[in-house]
Amino acid sequence: MGAESSDSDFTVWGVDQNAYGPVELPTLVAWVKGERVTSDTWIYDAKNAAWQKAAQVPELQMFFRPKESGTAGGAKAGLPITEIEAKALRRVKILAAMTDEQLERFAKFMELEKVEAWTEVVKQGETGNTMYLILDGEFRVRVKIDGKETILTTLGVGEFFGDISLFDHGPRSADVVANKDGVVLKVSSDAFDRMAAEAPNLATPFLLAVGKTLAARIRHDNKRYSDSVKFARAAE
């Protein structure tokens, strides 16, 4: 079946008695959301070389817990981190290099927030001091010009936003709106300062990972700007 090709591979045993995969975690999560995978579906986890039901897979457990009633049209903050397995944090790209033990310690400094569809998580122009790591859902980054919405990008599981305000506490440069229900991990400046003081061996790799991602974004934006200038000059 090829499930042993990677530690991150999963194979799904379908209702038609056929094995599907191996697939990586983002694909598996999409299948759960699309109800192709239910809590009773058998999953082969190559990392642990074992079959278990989807509801028992640490990275998927958050999707099979009973839904709680929240405040309509908004976010529910302050959820205890115990509601999600620390291993599920590995889906966030900047945390992927951490060990399970580091993730568990990292989680203790953070706060979960369930976000309902169409919630404006951050608002352009407002000051902020919190960064958000996306564990579930989809978020659009937008700016409004003359009352019209312009989408800058769409962010999904494993990505983050609000990083600049974490460090300078300045105004948000754009709105970030949930396209559908989601879950984010909040990293406030107070929490980061506390982690830096109490667990610098966690804060340092986290900060380096954020820095590398921001550098990659800047390089990408510089190349896009350079290409647009070259295109414009060629058209003259």
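## Basis of the description

Two strands are taken to pair if DSSP finds at least two bridges between them, and strands themselves are DSSP runs (E, at least two residues), just as helices are runs of H or I with at least four residues, both numbered from the N terminus. The structure is a predicted model, in which local features need pLDDT of at least 70 and side-chain atom pairs count only at pLDDT 80 or more, whereas totals for chains, interfaces and linings use all residues. Residues are numbered from 1 along each chain as its sequence is written, and side-chain values use heavy atoms, with hydrogens and water left out.

In the order 7-12-9-10, 4 strands with antiparallel pairing make up an open sheet. Because strand 7 (120-122) and strand 10 (148-155) stand at the edges with a single partner strand each, one side of each has no neighbour in the sheet. On average, neighbouring strands of this sheet are turned by 35° against each other, direction ignored, where axes are lines fitted to C-alpha atoms (for helices over the stretch in contact) and angles run from 0 to 180 degrees between N-to-C directions.

Within this sheet, strand 9 (residues 139-145) and strand 12 (residues 175-178) run antiparallel and are joined by 4 bridges; Val141 has Val176 of strand 12 as its bridge partner.

Another open sheet has 4 strands in the order 2-1-3-4, and its pairing is antiparallel. Its edges are strand 2 (19-23) and strand 4 (50-53), each of which has a single partner strand, so one side of each is left without a neighbour in the sheet.

Strand 1 (residues 10-13) is antiparallel to strand 2 and joined to it by 3 bridges, and Val12 stands opposite Tyr20 in strand 2. Helix 1 (residues 25-33) lies across strand 1, strand 2 and strand 3 (42-45), and runs at about 135° to strand 2.

Asp45, which is found in strand 3, is buried with a relative accessible area of 3%; buried stands for under 20% relative accessible area, exposed for over 50%, and partly exposed for values in between (1.4 Å probe, protein chains only). A polar atom of the Asp45 side chain lies 3.0 Å from the backbone nitrogen of Lys47.

Phe63 is placed in the loop between strand 4 and strand 5 (75-79). Although Phe63 and Val32 are 31 residues apart along the chain, their C-alpha atoms are separated by 7.7 Å. Not counting residues up to four places away in sequence, Phe63 touches Val29, Val32, Lys33, Arg91 and Asp136, a contact being heavy atoms within 4.5 Å.

## Helix 4

In helix 4 (residues 189-198), the residues Ser189, Ala191, Phe192 and Met195 are buried. Seen down the axis of helix 4, these buried residues fall within an arc of 160°, so they line one face of the helix; the arc is that of the directions from the helix axis to the C-beta atoms. Asp190, Ala197 and Glu198, on the other side of helix 4, are exposed.

## The chain as a whole

The chain has 5 helices and 13 strands, and 42% of its 236 residues count as buried. Of the contacts between residues at least 6 apart in sequence, 66% join residues at least 24 apart. The chain exposes about 13,200 Å², of which carbon and sulfur atoms supply 52%, with accessible areas from the Shrake-Rupley method with a 1.4 Å probe; for residues, only the protein chains shown count as cover.

Definitions and conventions:
Polar contact = N/O pair within 3.5 Å; in protein donor to acceptor, adjacent residues only side chain to side chain.
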